[in-house]
Amino acid sequence: MKCKWCGSYAINHNSHGRDGSDGELCDVCYWMKRADILRDALEYAIEKYGSPGGPWNVPTDPGGWIDRARSAIAKSGGKQ
């Protein structure tokens, strides 16, 4: 079986931390799909809670998670 996204035959349903779902995706595309989901969640969290002094600030690191989340999104090719 070939990956429906890229055509690779590297489909290992029970290896590399896979849980058996998305059986039509190769190992790389399986994790890329999950990275997209995480990026979307981070973008939403920044939009909703991402102002300094907001409810998700950690007293010892005010705004630190916002900067780290924005950096992660930028590295992944997202909007921030």
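This is a predicted model: local features need pLDDT of at least 70, side-chain atom pairs count only at pLDDT 80 or more; totals for chains, interfaces and linings use all residues.
How many aromatic pairs does the structure hold? The legends below start with the whole chain and come to that question in the third view.

View 1. Residues are numbered from 1 along each chain as its sequence is written, and side-chain values use heavy atoms, with hydrogens and water left out. Helices (H or I, at least four residues) and strands (E, at least two) are DSSP runs, numbered from the N terminus. Of the 80 residues in the protein chain, 29% are buried; buried means under 20% relative accessible area, exposed over 50%, and partly exposed in between (1.4 Å probe, protein chains only). The accessible surface, from the Shrake-Rupley method with a 1.4 Å probe, comes to about 5,500 Å², and 56% of it belongs to carbon and sulfur atoms.

**View 2. Helix H2 packs its buried residues against helix H1.** H2 covers residues 64-75, and its 12 residues should span 16 Å at 1.5 Å a residue; the expected span is 1.5 Å times one less than the number of residues. The end C-alpha atoms are 17 Å apart, which agrees. Look here for Gly64, Trp65, Ile66, Ala69 and Ile73, which are buried. Their partner in packing is H1 (27-49).

**View 3. Tyr30 and Trp31 form an edge-to-face pair.** Here is the reply to the opening question: the structure holds 1 aromatic pair. Rings of Phe, Tyr and Trp (its six-membered ring) pair if their centres lie within 6.5 Å; planes under 30 degrees apart count as stacked, over 60 as edge-to-face and the rest as tilted. The ring centres of Tyr30 and Trp31 are 4.9 Å apart and the planes stand at 85°, so the pair is edge-to-face. Tyr30 is buried at 2% relative accessibility, whereas Trp31, at 41%, is partly exposed.

**View 4. Arg34 lies over the face of Tyr30.** The distance from Arg34 to the ring centre is 3.6 Å. A charge sits over a ring if NZ of Lys or CZ of Arg is within 6 Å of the ring centre and within 35 degrees of the ring normal.

**View 5. His16 sits in the segment before H1.** With 56% relative accessibility, His16 counts as exposed. Beyond its neighbours within four places in sequence, His16 is in contact (heavy atoms within 4.5 Å) with Asp27 and Trp31. His16 and Val28 are 12 residues apart in sequence, and 9.8 Å separates their C-alpha atoms.
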